[in-house]
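Q: Please take a close look at the pockets of this model, and tell me what lines them. I would like the numbers along with the cut-offs behind them.

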Amino acid sequence: MPKQWDIFCRIVDNFGDIGVCWRLARQLAHEHGVRVRLWVDDLPVAQRLLPGLDAHLPQQVLDGVTIAHWANDFAFDSVAEVVIEAFACELPEAYVQAMAAKPPVWINLDYLSAEPWVEAFHLQPSPHPRLPLKKTFFFPGFTDRTGGLLRERDLLTHRDDYQQSFTLSEQALRVSLFAYPQADIATLLAGMAESERQVLCLIPESSLLEPVRRFFNSAPLQAGEQRTQGALTVTILPFISQPDYDRLLWSCDLNFVRGEDSWIRAIWAGRPFVWQPYLQDEDTHITKLEAFLERYLPGLGTETANTWHAFHLAWARMQLAPTSWNQLAKALPAIRQHTVQQAQTLAEQADMASQLIIFVRNFQQSQV
Ligand code: TRH
């Protein structure tokens with residue numbers, strides 16, 4: 001089994017690229033005994049997720065993973081046996097040239113989507129136009145004919161232990177909120193403020209703070225601050241580490257998540273969630289949302305499914321109705337049974353890191 005893997009991560013914007021790459025790198029190192037070098041172009045952004053990272057060092061080892069700065073003057077000593085190009089980030093030309101001398105297993109890791117076409121594209125090879133190299137497209141996904149979802153081996157056990165030890169308040173509904181700043185925050189918070197039940201809304205520091213500040217008509221908000229209106233109390237949290245963010249999701253009655261990685265973590269939390277897909281042109285994100293809901297909702301009663309579906313669409317389109325929050329809040333107990341069940345069912349699938357390992361092994365055997 002190849003021991004040396006290079007993962008290349010270019011941080012386009014936000015945290016999803018590094019969030020996924022770091023999670024994968026750690027899991028390969030911890031659970032599969034792989035030596036991973038993670039090349040990252042923007043260390044200061046990575047540092048927000050990895051507080052132990054020194055953004056000035058060209059190379060360092062963190063949690064069993066070597067993190068190397070992918071600088072403009074990119075320099076490397078050797079080509080790894082397995083090379084993961086995350087999200088079509090385009091490898092440095094010098095590295096590709098060196099790969100041609102001793103071809104590694106070269107994988108393009110793609111974004112997660114529940115759309116049906118993913119199955120047909122998963123594991124499709126793509127020969128290099130000039131060099132004797134072949135890249136394979138690897139698609140994560142929700143079915144057995146895709147590359148699966150990132151999930152650490154003991155994740156659900158840790159979650160269960162945590163949830164059993166954490167007593168939810170009977171009084172206040174506990175909500176975490178992570179979304180793109182264009183979301184209809186004002187209508188959401190207004191709905192929460194008018195709820196029959198108290199709502200505690202926990203918001204990690206992010207670009208959401210500005211719309212939240214506008215809603216409360218207050219001075220700029222910082223971690224540790226609270227604002228109250230009607231039944232709603234908002235608490236601003238610092239931007240927390242990935243493990244702490246998991247625990248936050250596990251501890252809430254409802255999680256608003258976005259993009260790719262927080263979405264998967266909300267699924268594993270087994271608690272109701274609202275996913276806001278990364279905004280794309282021509283409503284591509286709405287197509288992705290519909291594809292996911294089509295896979296995820298079956299099994300729910302029609303009325304609950306309709307409520308949850310409508311809320312998701314309105315949230316993704318950034319236009320909630322004043323009554324949307326109330327309707328969703330009423331449906332939460334039924335949704336919760338479903339999210340517990342779905343996490344269990346999806347966990348029966350082989351996780352993405354294990355599927356990568358199997359693919360690499362099969363690929364190498366086929367080359368002998
Ligand atoms: O930040 P995102 O919007 O990332 C997006 C998506 O991945 C999208 O697909 C991609 O095209 C775009 O980036 C470039 O959302 P995402 O994917 O949920 O990543 C957020 C990461 O931040 C995730 O790993 C969870 C983590 N996180 C923390 O560690 N602490 C926190 O406090 C919060 C709020 C998030």
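A: The second largest pocket has a volume of about 450 Å³. A pocket here is an open set of points on a 1 Å grid over the protein atoms alone where a 1.4 Å probe fits, with protein on both sides within 12 Å along at least five of seven lines. Volume is the space filled by probe spheres on those points, which are joined across faces, edges and corners. This is a predicted model, so local features need pLDDT of at least 70 and side-chain atom pairs pLDDT 80 or more, while totals for chains, interfaces and linings use all residues. Numbering starts from 1 along each chain as its sequence is written, and side-chain values use heavy atoms, without hydrogens or water.

Lining this second largest pocket are 23 residues (each with an atom within 4 Å of a point), and R23, R26, E152, P243 and D246 lie nearest its centre. By class there are ten charged, eight nonpolar and five polar residues (Asp, Glu, Lys and Arg are charged; Ala, Val, Leu, Ile, Met, Phe, Trp, Tyr, Cys and Pro nonpolar; the others, Gly among them, polar). The helix α1 gives the largest share, six residues, and α1, α5 (155-165) and α8 each supply at least two; helices are DSSP runs of H or I with at least four residues, numbered from the N terminus. Domain 1 (4-151 + 350-367) and domain 2 (155-346) each contribute at least three residues to this lining, with bounds from an automatic or database assignment.

Turn now to the largest pocket, which holds about 730 Å³ of space. Its lining counts 35 residues, with G16, Y180, G259, E260 and D261 nearest the centre. Of these lining residues, 18 are nonpolar, nine polar and eight charged. Here too α1 provides the largest share, this time five residues, and α1 (16-32), α8 (242-250) and α9 (261-269) each supply at least two. Because domain 1 and domain 2 both give residues to the lining, the largest pocket lies between them.

A polar side-chain atom of S262 is 2.6 Å from a ligand oxygen. At 2.9 Å from an oxygen atom of the ligand there is an N or O atom of the Q242 side chain, and a polar backbone atom of E260 is likewise 2.9 Å from a ligand oxygen. Taken alone the ligand exposes 710 Å², of which the protein buries 97% (Shrake-Rupley areas, 1.4 Å probe).

Finally, there is one cavity of 30 Å³ or more, a cavity being a set of points from which the probe cannot get out.

Methods
A polar contact is a pair of N or O atoms within 3.5 Å; within protein, one must be able to donate a hydrogen and the other to accept it, and residues adjacent in sequence count only if both atoms are side-chain atoms.
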